[in-house]
Amino acid sequence: MQEWIIAMLVIGTVLIMRDMAKTILAVRTPKKEELLPLCESHPQKEKVERYAASFQRLADTFYGMPYKKDYLSSGQIQGIIQDARERVCSRCYQKDLCWTEHAGELCCGIEAVIRAMEEGNEEEIGSLKGEWSGVCSHSVQYMDILGELFRKEKQNLFWNNRMIENRIAVAQQLTEVSKIMQMVARDLYDLERARPAFEERLRKSLKKRHVLLKEAWVTEKEKGKQQIFLTMRARSGQCISMSEVAQILSEECKKPMAAAEGSRCIVNGEYHTVHFQEDLNYQILYGVAKLTREKEKVSGDNYICRQEEAGRFVMCLSDGMGSGMEACRESEVVVDLLEQFLESGFSQETAARMVNSALLLKGRDGMFSTVDMCAVDLYTGICDFLKAGAAATFIKRDHWVESIVSESLAAGLVQQMEFETASRKLYHGDYLIMMTDGVLDALPMEREEETMKEIIMDVKEETPKEISRGILERVLGYSDYHARDDMTVLVAGMWKK
């Protein structure tokens with residue numbers, strides 16, 4: 001529990017640092033002394049990078065510690081033998097004979113019994129006990145004591161393994177903290193003043209539209225996408241729309257630019273710093289249809305759909321184990337954590353691994369949730385899929401349907417999580433269709449995916465909301481309109497802007 005609290009405090013601190021970085025970039029007006037271009041050798045950047053390296057070294061230290069064991073060690077077995085000898089053999093008149101002349105044979109025989117107990121091989125255990133009864137006058141008592149000591153040692157091994165799992169989970173989180181700190185350093189100190197010639201041209205163009213430009217700052221994000229921060233205000237009594245400013249900026253940059261999501265709508269008489277980025281090539285609309293399992297009041301399925309700053313649209317669907325309020329809480333934790341990590345700049349797989357380690361640290365045996373994510377690059381149309389125990393996802397294009405399947409385990413079950421990943425290129429008019437197991441399980445066994453493809457092709461509606469409803473209605477027809485599990489269908493359509 002202490003490791004869990006420490007890990008969450010560390011992550012919370014780093015996320016706050018990242019939010020502060022965003023605030024600095026989006027709101028603060030740079031001072032005169034900050035106008036010099038920032039370079040790779042900036043002392044503050046190097047300082048943050050040293051912090052990141054320290055977190056990584058700490059994580060490596062955790063990774064270097066002993067890993068979990070599936071079987072008792074030779075030392076543990078010798079400890080069991082010694083304890084059993086003291087408790088049973090110390091009062092036996094034959095102890096000197098047994099533990100002098102036949103000590104080696106006894107130790108091998110007892111170890112064979114313990115290994116059989118570990119394997120759970122009842123037939124071999126019975127056979128070995130039978131042989132033991134022929135050489136030991138206290139065989140029944142000895143075997144009872146041996147079984148008691150074995151169970152105690154296995155229980156200790158179980159708890160040691162749980163501690164090791166928690167340590168590895170913390171190590172994974174420290175590694176991701178190191179990565180995000182490196183991203184913070186890059187975001188804070190790779191921002192530089194725009195070239196004087198470009199800034200002067202832009203200042204003159206904006207002035208013609210009654211906008212006074214104070215400063216322009218430029219940075220390039222991943223994949224070479226340019227981002228520009230303009231500190232500006234309108235002349236007294238004027239209000240200029242942000243779309244008009246974006247149009248002027250697009251002309252100067254020779255590429256379409258747009259104000260970032262959540263930016264101001266107008267330029268008024270006060271100086272504000274506004275974030276512009278290259279305009280997206282695609283836009284996405286989504287719709288969802290849900291049905292709660294019969295006799296339950298709350299669905300165990302949860303989802304999020306959000307557009308990220310980097311021009312990425314993310315959909316995540318999670319199905320909690322079982323149904324009802326408990327399943328709802330489990331899947332809600334998953335989507336909430338994923339949303340926070342994705343919002344803070346983590347990649348899909350990194351966010352999913354962080355959530356998996358958090359679920360393991362939570363330590364609730366038998367509770368797990370599926371993870372099903374799609375992330376669409378709205379510049380290129382490339383869609384990255386990540387699945388952990390999730391149902392198939394479908395892509396509909398004209399008169400053709402493809403399925404993306406997964407055979408991996410749900411999040412929160414194992415330490416070293418292996419996610420199923422895939423990538424596909426999406427085009428104008430394509431639909432992404434995600435669903436939980438409850439939907440596919442209602443279809444004929446061994447033909448679930450083929451039947452779902454037929455259903456998708458049969459749906460003639462065009463809006464994502466209508467498509468999701470149409471799919472759910474047709475699926476219910478296969479189950480006599482009874483919902484035997486929570487059902488969720490999430491549909492997103494992509495179109496050129």
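## Basis

Residue numbers start from 1 along each chain as its sequence is written. In this predicted model, local features need pLDDT of at least 70, side-chain atom pairs count only at pLDDT 80 or more, totals for chains, interfaces and linings use all residues, and side-chain values use heavy atoms, with hydrogens and water left out.

## The second largest pocket

The second largest pocket holds about 420 Å³ of space. A pocket is an open set of points on a 1 Å grid over the protein atoms alone, where a 1.4 Å probe fits, with protein on both sides within 12 Å along at least five of seven lines. Its volume is the space filled by probe spheres set on the points, which are joined across faces, edges and corners.

The lining (residues with an atom within 4 Å of a point) has 21 residues, and Cys98, Leu106, Trp132, Val135 and Cys136 lie nearest the centre. They divide into 13 nonpolar, five polar and three charged; nonpolar covers Ala, Val, Leu, Ile, Met, Phe, Trp, Tyr, Cys and Pro, charged covers Asp, Glu, Lys and Arg, and polar the others, Gly among them.

Helix 4 (95-98), helix 5 (103-119) and helix 6 (122-133) each supply at least two lining residues. Helix 5 gives the most, with four. Helices are DSSP runs of H or I with at least four residues, numbered from the N terminus.

## Cysteines

The structure holds zero disulfides, a disulfide being a pair of cysteine sulfur atoms within 2.5 Å. The sulfur of Cys316 is too far for a bond, because the closest cysteine sulfur, in Cys305, is 9.1 Å away. Cys374 is in no disulfide either, and the sulfur of Cys383, the nearest, is 4.7 Å away.

Cys316 has 0% relative accessibility and counts as buried (under 20% relative accessible area, 1.4 Å probe, protein chains only). Cys374 is also buried, at 0%.

Conventions:
Buried < 20%, exposed > 50% of the residue type's maximum accessible area, 1.4 Å probe, protein only.
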